[in-house]
Amino acid sequence: MTEILNHLSGRTVIVGSGLAGLMTALTLAPEPSVIVTRAALGAETSSAWAQGGIAAGMGADDSPALHLADTLVAGDGLCDPIAAAGIVTEAPAAIAALERAGVRFDRNAAGELSFGLEAAHSRRRIIHAEGDGSGAAIIAALVRAVAQTPAISVLEGFEARRILMDGERVAGLLCASADGAAILPTAKVVIATGGIGGLYDATTNPMGNFGQGIALAARAGADLADMEFVQFHPTALDSRRRPLALVSEAVRGEGALLVNERGDRFMDRIPGAELAPRDVVARAISAEIARGGKVFLDARAALGSRFAARFPVIAALCSEAGIDPATDLIPVRPAVHYHMGGVATDENGLSSVPGLWVVGEAASTGLHGANRLASNSLLEAAVMGMRAARDISATPARPAGAILAARLPAPADASLVRPIVSRHLGVLRNAGAVEGAIATLLPLAEGDGPAADPGIVALLIAVFASLRLESRGAHARTDFPLKLAQANRRQMRLSQALEIARDTPTYTLAPLYTLAPLYTLARSA
């Protein structure tokens with residue numbers, strides 16, 4: 001039986017309770033809203049796991065212009081400069097709003113904000129809260145603020161399965177709960193479901209995050225953008241833990257070095273060395289691993305006994321794996337950390353579907369381009385959550401449209417998709433692997449089983465990857481190792497991607513890379 005939650009009818013429905021979703025709801029207040037979250041509020045979100053803080057060009061030697069310049073360089077020619085400029089300029093407003101909501105950012109003895117350094121930033125501009133536990137501290141404060149805001153209703157244990165449409169407009173949200181199917185009638189839905197890391201074996205994201213929001217929006221007919229760009233964090237702690245624990249870029253920012261099993265500091269031959277953009281470092285580490293080597297982060301000289309005080313969360317994770325960063329090398333490997341692609345939105349988070357906004361990692365605003373600059377993700381989540389809320393408030397109220405009965409889809413299961421994506425849509429790609437993945441993923445995406453939604457997201461990544469015949473940012477192809485002279489973003493809908501997939505030649509799944517192109521790509525930036 002499907003229950004229609006008429007007592008919540010007409011409210012803005014926000015799917016997800018990470019930073020972007022919580023900021024949307026808090027900014028909307030006192031306008032009523034409903035947060036739908038499959039877990040407890042703020043739990044199972046990448047935001048809560050963030051060790052890095054929020055990038056903000058607010059230091060005495062810094063400015064939004066310098067922050068923008070670094071963002072554009074990291075984005076490897078694919079950022080939308082206007083969108084990026086707008087978001088980085090709003091950093092001070094976002095920091096102020098977070099402080100009003102109860103977040104306490106780290107300050108020095110003089111009471112001034114403390115700024116840390118991360119890779120590819122030309123200034124110390126990363127603002128933390130409780131050191132390397134920034135994400136958890138920020139989310140905890142916002143969860144408390146939501147609990148104290150009567151205008152916000154929270155439905156925990158509710159999982160969004162489909163956006164219901166009245167023609168081309170949003171009419172409601174179909175959810176699964178412990179009691180069965182439930183429908184929220186609404187003309188305004190905000191997707192804030194996070195990333196796609198759960199499609200991969202090696203990820204620093206919650207394993208349940210496989211791109212649900214992208215699947216929801218894609219099925220509703222939304223435009224998708226830049227889906228091929230999956231960022232691998234270079235330094236996940238190489239252990240048995242799943243998901244993998246993150247060793248923050250801030251550790252390298254404090255002077256830690258990358259070495260292989262021979263003690264060779266292989267990054268010193270690459271511009272930027274340990275603080276090169278993430279795609280460059282990830283490819284270099286992958287090259288070492290591909291030749292049969294091992295890679296370690298050496299923080300002994302840079303931090304030594306101070307490591308645990310500076311990075312208590314990371315120190316605890318290392319201890320769990322039997323490693324003391326003060327005296328031991330830290331084994332690391334690349335792992336999926338962030339998705340630059342997603343649902344295409346305008347400057348306020350509005351998608352191509354009337355009544356559907358998308359904020360945070362599930363969206364593609366143009367800020368990140370081909371490779372996200374460290375700590376710009378939490379900034380974007382806060383800014384875009386605030387912008388979407390203001391846009392929603394300015395949008396004339398419209399009654400929810402006619403809702404047709406809809407069957408509750410099966411719970412999603414990414415286990416069939418994960419091995420395909422992990423092997424053939426990783427740090428390095430080639431035509432045989434990508435096109436073979438398309439052929440394998442297509443029947444899953446077109447089916448109606450548990451693998452359908454993860455299959456759709458994975459297929460979109462593969463189709464976009466098949467069309468980008470160059471290596472740019474986080475998208476590296478061993479068969480096209482150079483960048484094209486012209487940088488072009490791409491948008492398409494699910495229906496178009498399915499047509500391309502059906503017309504793609506079927507290849508036997510090929511070996512993903514050979515060693516020689518790997519080293520070429522590692523050193524091209």
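This is a predicted model: local features need pLDDT of at least 70, side-chain atom pairs count only at pLDDT 80 or more; totals for chains, interfaces and linings use all residues.
## Two helices, crossing

Angles of 65 to 115 degrees between axes count as roughly perpendicular. Helix α15 covers residues 452–467 and helix α16 covers residues 494–503. They pack at an angle of about 65°, and their axes lie 10 Å apart. That puts the pair in the range, so α15 and α16 are roughly perpendicular to each other. As for hand, the crossing of the two is left-handed.

Who does the touching? On the α15 side, the contact is made by Ile456, Leu459, Leu460, Val463 and Leu467. From α16 come Leu494, Ala497, Leu498, Ile500 and Ala501. Sorted by class, the contact of α15 with α16 has 10 nonpolar residues, with no polar and no charged ones.

## Glutamate 118, tucked into a loop

Now over to glutamate 118, which sits in the loop between β5 (115–116) and β6 (126–127). Is this residue buried or exposed? Under 20% relative accessible area counts as buried, and glutamate 118 comes in at 2%, so it is buried.

What does the side chain of glutamate 118 make a polar contact with? Its partner is the side chain of serine 375, at 2.9 Å.

## The neighbours of glutamate 118

Leaving out residues up to four places away in sequence, glutamate 118 touches Gly52, Gly53, Ile126, His128, Ser248, Glu249, Ala250, Ala374 and Ser375.

There's also a C-alpha pairing to look at: glutamate 118 and alanine 55 are 63 residues apart along the chain, and their C-alpha atoms are separated by 9.3 Å.

Key:
Residues are numbered from 1 along each chain as its sequence is written. Side-chain values use heavy atoms; hydrogens and water are left out. Helices (H or I, at least four residues) and strands (E, at least two) are DSSP runs, numbered from the N terminus. Buried means under 20% relative accessible area, exposed over 50%, partly exposed in between (1.4 Å probe, protein chains only). Contact means heavy atoms within 4.5 Å. A polar contact is a pair of N or O atoms within 3.5 Å; within protein, one must be able to donate a hydrogen and the other to accept it, and residues adjacent in sequence count only if both atoms are side-chain atoms. Axes are lines fitted to C-alpha atoms, for helices over the stretch in contact, and angles run from 0 to 180 degrees between N-to-C directions. Angles under 35 degrees count as roughly parallel, over 145 as roughly antiparallel, 65 to 115 as roughly perpendicular and the rest as oblique. A crossing is left-handed if the near helix is turned anticlockwise from the far one by less than a right angle, and right-handed if clockwise. Ala, Val, Leu, Ile, Met, Phe, Trp, Tyr, Cys and Pro count as nonpolar, Asp, Glu, Lys and Arg as charged, and the others, Gly among them, as polar.
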